[in-house]
Amino acid sequence: MAQASGVKVQDVKDITRIERIGAHSHIRGLGLDDALEARLVSQGMVGQANARKAAGVILQMIRDGKIAGRAVLIAGQPGTGKTAIAMGMAQALGADTPFTTIAASEIFSLEMNKTEALTQAFRRSIGVRIKEETEIIEGEVVEIEIDRPAAGAAATAGKTGKLTLKTTEMETVYDLGQKMIDSLTKEKVQSGDVITIDKATGRISVLGRSFARSRDYDAMGASTKFVQCPEGELQKRKEVVHVVSLHEVDVINSRTQGFLALFSGDTGEIKSEVREQIDQKVAEWREEGKAEIVPGVLFIDEVHMLDIECFSFLNRALESDLAPVLVVATNRGITRIRGTNYKSPHGIPIDLLDRLLIISTTPYSDKEVKQILRIRCEEEDVEMTDDALALLTKVGMETSLRYAIHMIIASALVCAKRKGTQVDVEDIKRVYTLFVDVKRSTQFLQEYQSEFMFNEIQPADADMTDAQV
Ligand SMILES: Nc1ncnc2c1ncn2[C@@H]1O[C@H](COP(=O)(O)OP(=O)(O)O)[C@@H](O)[C@H]1O
Ligand SMILES: [Mg+2]
């Protein structure tokens, strides 16, 4: 037993940092309290209180199932956390509510027409919660015995063993085959765990540790969950619920694609008859109480990249009764609508704009920038002195938040090169001279533009470019 728990602890260590560090990996939610007020610093989120609160209100409505087919626009300058807030919403919604993220330009680069791409994105964002009754065995593990075959025989014979399970009323010994032993090992099941075994699939899930074992200090991690030893019979019928997206149902039922297309991601176009049949089937399931619709969220970033045809598709699609909540973001002001010669706020046609609830984001104060940079240092495992952080904040305020965030890992490398352990002011200065930000790059271009190819700026309007940037 002691050995088993030893293995467990080590494995846990190995899997902790599996997720890569991305631009938004420090965001774990919207950081709101129960009254939906934004906490100053929480779940990786800093400042931008009004926008976060507004996003929280939308989330609450989505959770209550009150809204579907609504649309929200997050508008604001670059680097004010628009994408971050959308990621926070996704995190806060949890795994059971579908959340699809696309960049508007993706619509044009897929090997299918743009309305099909949008339709797929819409249907990916709508979940169907399906209820099924299955037979399970549920009990507390009393003992797992795995026979060790003689050394030579191991390869051919396969392992066998016995599993003893109990409830408060009964105890039974089950014979184990190779497959079950493998899943028991994979789930790291040990005596004292309360588990369920799905009789049809053989899938094992660990519900937690039995309360009776709560004193076994050696096998406990911080996250150990304790549960009661089950009552009654070992075998039960249980209702299991799973959520699949409409798009997944489409793909599985589209004869030309088949189930494997889901894994290859190569779904191609799906016939509209298939979709109609599925919508009908789902409607039947809903009436029979076998399924429920879970409207999720479709997030389209950089939405000004959509063209007029896509916008009109969105207008129409939002009116369907199987529509998700649409969240779009843009940093554009009044600009041309793609595919037309007309200008419109945010590059979005007025008739769509009219349907949008608009959340606006505002630039950060230096305190907030500092806090975001501090969180990013933690996320990237970089130690930084207070002076260096203050300097980096200044850089962030004067150039851009993104530039400052990028400087973190670069200055950590410079610091490692001089065999330092903490990033200091000199490292930041060195990186600042190595990599220029947009302002300095533009200045450089203006001074030396005649030496570059394709220079378009005439000396006379050189001072105009500042405004364009
Ligand atoms: N309020 C915030 N709290 C924490 N991190 C933030 C916040 N706002 C922005 N960031 C981070 O700053 C960077 C730039 O923000 P981003 O959301 O990409 O800006 P936008 O989409 O508005 O251009 C990202 O790494 C983002 O995670
Ligand atoms: Mg963005």
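Residues are numbered from 1 along each chain as its sequence is written, chains are lettered from A and ligands numbered from 1 in the order in which they are written, and side-chain values use heavy atoms, with hydrogens and water left out. Because the model is predicted, local features need pLDDT of at least 70 and side-chain atom pairs count only at pLDDT 80 or more, whereas totals for chains, interfaces and linings use all residues.

Helices (H or I, at least four residues) and strands (E, at least two) are DSSP runs, numbered from the N terminus. Strands of a sheet pair through backbone hydrogen bonds, either parallel or antiparallel. Here, two strands pair if DSSP finds at least two bridges between them. One open sheet has five strands in the order S4-S13-S14-S3-S17, with parallel pairing. Strand S4 (99–103) and strand S17 (356–360) stand at the edges, each with a single partner strand, so one side of each is left without a neighbour in the sheet. On average, neighbouring strands of this sheet are turned by 20° against each other, direction ignored. Within the sheet, S4 is joined to S13 by five bridges, and the two run parallel. Phe99 stands opposite Val297 in S13.

An antiparallel example is found elsewhere. Strand S6 (residues 161–166) and strand S7 (residues 171–176) run antiparallel and are joined by six bridges. Together S6 and S7 form a hairpin, with four residues between them. Lys162 has Asp175 in S7 as its bridge partner.

Another strand, S8 (residues 193–198), holds Thr196. Thr196 counts as buried because its relative accessibility is 8%; buried means under 20% relative accessible area, exposed over 50%, and partly exposed in between (1.4 Å probe, protein chains only). Leaving aside residues up to four places away in sequence, Thr196 touches Ile136, Ile137, Glu138, Arg203, Ile204, Ser205 and Leu207, where contact means heavy atoms within 4.5 Å.

Attention now turns to the helices. Two packed helices are described by the angle between their axes and the distance between the axes. Helices H5 and H11 pack at an angle of about 40°, and their axes are 10 Å apart. These axes are lines fitted to C-alpha atoms, for helices over the stretch in contact, and angles run from 0 to 180 degrees between N-to-C directions. On the H5 side, Lys114, Thr115, Leu118, Thr119 and Phe122 meet Glu309, Cys310, Phe313, Leu314 and Ala317 of H11. The residues of this contact divide into six nonpolar, two polar and two charged, with Ala, Val, Leu, Ile, Met, Phe, Trp, Tyr, Cys and Pro counted as nonpolar, Asp, Glu, Lys and Arg as charged, and the others, Gly among them, as polar.

A salt bridge is a side-chain nitrogen of Lys or Arg within 4 Å of a carboxyl oxygen of Asp or Glu, and the whole structure has 24 of them. In one of these, Lys114 pairs with Glu309, the closest N and O atoms being 3.0 Å apart. This pair links distant parts of the chain, from Lys114 in helix H5 to Glu309 in helix H11, 195 residues apart. Lys114 also forms a salt bridge with Asp307, with closest N and O atoms 2.5 Å apart. Here Asp307 lies in the loop between strand S13 (297–301) and helix H11 (308–317), 193 residues from Lys114. Asp307 counts as buried because its relative accessibility is 9%, whereas Lys114 is partly exposed, at 22%, and Glu309 is partly exposed, at 47%.

Helix H5 (residues 114–124) also contains Arg123. With a relative accessibility of 9%, Arg123 counts as buried. Not counting residues up to four places away in sequence, Arg123 touches Ser245, Leu246, His247, Asp250, Arg275, Ile278 and Asp279. The side chains of Arg123 and Asp279 meet in a salt bridge (3.0 Å, N to O). That pair, too, links distant parts of the chain, with Asp279 in helix H10 (residues 272–287) and Arg123 in helix H5, 156 residues apart. Salt bridges that share partners join Glu116, Arg123, Asp250, Arg275 and Asp279 into one network.
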